[in-house]
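Good morning, and thank you for making time on the agenda. I would ask you to keep the sequence and the structure in view while I speak.

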Amino acid sequence: MRQYPAPILDRKIRYAIVGCGRIAQNHIAALQTHADRAEITAVCDIDPTALAAAAAKTGGTPFSDLTTLLRESDADVVVLTTPSGIHAEQAVEIAAAGRHVMTEKPMATRWHDGQRMVKACDDAGVRLFVVKQNRRNATLQLLKRAVEQQRFGRIYMVNINVFWTRPQEYYDSAKWRGTWEFDGGAFMNQASHYVDLLDWLIGPIESVQAYTATLARNIEVEDSGVMSIKWRSGAIGSMNVTMLTYPKNLEGSITIIGEKGTVRVGGMAVNEIQHWEFETPAPEDAEVQQASYATTSVYGFGHPLYYDNVIRVLRGEAEPETDGREGLKSLEVLIATYLAARDGRRVALPLDY
């Protein structure tokens with residue numbers, strides 16, 4: 001049993017945000033909803049303009065590099081909203097400094113880097129949290145409950161579509177975007193939360209096959225791809241992803257077809273329960289209409305709920321919903337998908353350890 005620092009009960013939990021760009025704003029807003037139990041005491045970015053804006057917004061002490069932040073700040077948790085390819089090195093440094101690590105998706109762009117992050121945090125006796133806020137969306141919570149209650153009977157087929165758009169200007173907005181080293185493509189970056197659903201909802205995967213393509217954007221990585229999946233349960237399915245949808249984000253959906261039930265959760269970001277039918281009624285069926293919500297953001301509203309779990313874990317009141325090992329599950333599927341597409345073969349899971 002791993003030993004972690006004592007629960008924090010006598011004060012607010014202190015957070016540092018490292019990387020003050022686009023997704024960091026969701027983290028700042030989420031933490032502000034928990035101002036009674038948490039505070040941002042430090043922010044860090046190599047861009048002086050972004051750093052100044054974040055410091056003004058949060059009141060956190062600004063730092064231009066992580067090493068200085070770790071030496072001079074009092075943060076309990078360091079949140080990584082930096083380019084994915086540098087998460088591993090940063091996480092290892094944070095863990096060595098005795099701070100908890102919270103990282104945006106994907107936790108890393110290489111399989112061995114993800115494993116290295118988990119080991120570093122284990123060795124240091126600190127927590128590693130991997131952000132999977134979509135799991136907290138009301139629509140997916142209902143779907144998860146239906147799967148756990150075995151309302152589908154045997155699940156036969158699963159289909160996930162992520163039909164979004166990312167113009168060339170998006171990739172041109174930062175040098176790291178659209179690169180293998182720091183970003184990953186449509187599967188690893190934009191559709192990462194949907195890849196997470198494959199194991200979280202349906203269970204362990206036996207093998208995958210895939211095609212990826214760079215059809216329109218001037219980037220190193222794929223802007224489109226398709227994956228075929230076979231689960232250990234015998235279920236089969238597919239995932240279709242593109243960042244080329246005209247003229248705007250169209251759909252983020254999952255359809256599950258089972259022996260005794262069929263469900264489709266769609267909308268732009270799995271925010272609408274569009275079909276919900278089971279052989280046997282259950283009390284949860286009354287919650288279906290209320291669970292759907294309107295959104296103009298592909299991020300959903302799960303960040304505050306995710307932070308609530310992290311805060312409760314550090315207060316000794318809960319277990320983590322998505323720790324480093326849980327984060328490795330979707331990273332493993334992502335790496336298997338890229339290997340399958342690159343080599344034109346079926347890739348079995350688990351990967352060689």
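Two strands are said to pair if DSSP finds at least two bridges between them. With that criterion in hand, consider strand 7, residues 155-163, and strand 10: seven bridges join them, and they run parallel. Please bear in mind throughout that this is a predicted model.

Let me stay with that pair for a moment. Within it, valine 162 stands opposite valine 241, which belongs to strand 10. Strand 10 covers residues 236-242, and threonine 242 has its place there. Is threonine 242 buried or exposed? Its relative accessibility is 16%, and since buried means under 20%, threonine 242 counts as buried. The side chain of threonine 242 also has a polar atom that lies 3.1 Å from the backbone nitrogen of leucine 244.

Eight strands form an open sheet with mixed pairing, and their order is 13-12-11-7-10-9-8-14. Which strands stand at the edges? They are strand 13 and strand 14, the latter being residues 347-348; each has a single partner strand, so one side of each is left without a neighbour in the sheet.

Another parallel pairing involves strand 1, residues 13-18, and strand 2, which are linked over six bridges. Here alanine 16 has alanine 42, in strand 2, as its bridge partner. Strand 2 spans residues 38-44 and is mostly covered, with six of its seven residues buried.

The relative accessible area of alanine 286 is 60%, and because exposed means over 50%, alanine 286 is classed as exposed. From C-alpha to C-alpha, alanine 286 lies 29 Å from alanine 30, and the two are 256 residues apart in sequence.

Now to helix 12, residues 324-343. Helix 12 has 20 residues, and from its first C-alpha to its last it reaches 28 Å, close to the 28 Å expected at 1.5 Å a residue. Why is helix 12 described as largely enclosed by the rest of the structure? The reason is that 14 of its 20 residues are buried. At its start, aspartate 323 places a side-chain oxygen within 3.3 Å of the backbone nitrogen of arginine 325. Just after the helix, glycine 344 adopts a positive phi of about 65°.

The remaining part of my talk concerns empty space. In general terms, rolling a probe the size of a water molecule over the atoms shows where such space is left.

I begin with the largest pocket, whose volume is about 890 Å³. Its lining comprises 38 residues, and those nearest its centre are Gly21, Thr81, Thr82, Pro83 and Trp176. Helix 4 (87-96), helix 8 (186-190) and helix 9 (192-202) are the elements that give two or more residues to that lining. By class, the lining residues divide into 17 nonpolar, 13 polar and eight charged.

The second largest pocket has a volume of about 520 Å³. It is lined by 28 residues, with Arg2, Gln3, Tyr4, Arg127 and Val313 the closest to its centre. Two or more lining residues come from each of helix 5 (111-124), strand 6 (128-130), helix 11 (303-314) and helix 12. Which element gives the most to this lining? That is helix 5, with three residues. The class counts here are 15 nonpolar, five polar and eight charged.

Finally, how many cavities of 30 Å³ or more does the structure hold? It holds one, and the volume of this largest cavity is about 30 Å³. Its lining consists of Arg135, Val195, Asp196, Asp199, Trp200, Glu326, Lys329 and Ser330. Helix 9 and helix 12 are the elements that give two or more residues to it, and helix 9 gives the most, with four. Of the lining residues, two are nonpolar, one is polar and five are charged.

Thank you for your attention.

Key:
Residues are numbered from 1 along each chain as its sequence is written. This is a predicted model: local features need pLDDT of at least 70, side-chain atom pairs count only at pLDDT 80 or more; totals for chains, interfaces and linings use all residues. Side-chain values use heavy atoms; hydrogens and water are left out. On a 1 Å grid over the protein atoms alone, a cavity is a set of points where a 1.4 Å probe fits but cannot get out, and a pocket is an open set with protein on both sides within 12 Å along at least five of seven lines; lining residues have an atom within 4 Å of a point. Grid points are joined across faces, edges and corners, and a volume is the space filled by probe spheres set on the points. Ala, Val, Leu, Ile, Met, Phe, Trp, Tyr, Cys and Pro count as nonpolar, Asp, Glu, Lys and Arg as charged, and the others, Gly among them, as polar. The expected span of a helix is 1.5 Å times one less than its number of residues. Buried means under 20% relative accessible area, exposed over 50%, partly exposed in between (1.4 Å probe, protein chains only). A polar contact is a pair of N or O atoms within 3.5 Å; within protein, one must be able to donate a hydrogen and the other to accept it, and residues adjacent in sequence count only if both atoms are side-chain atoms.
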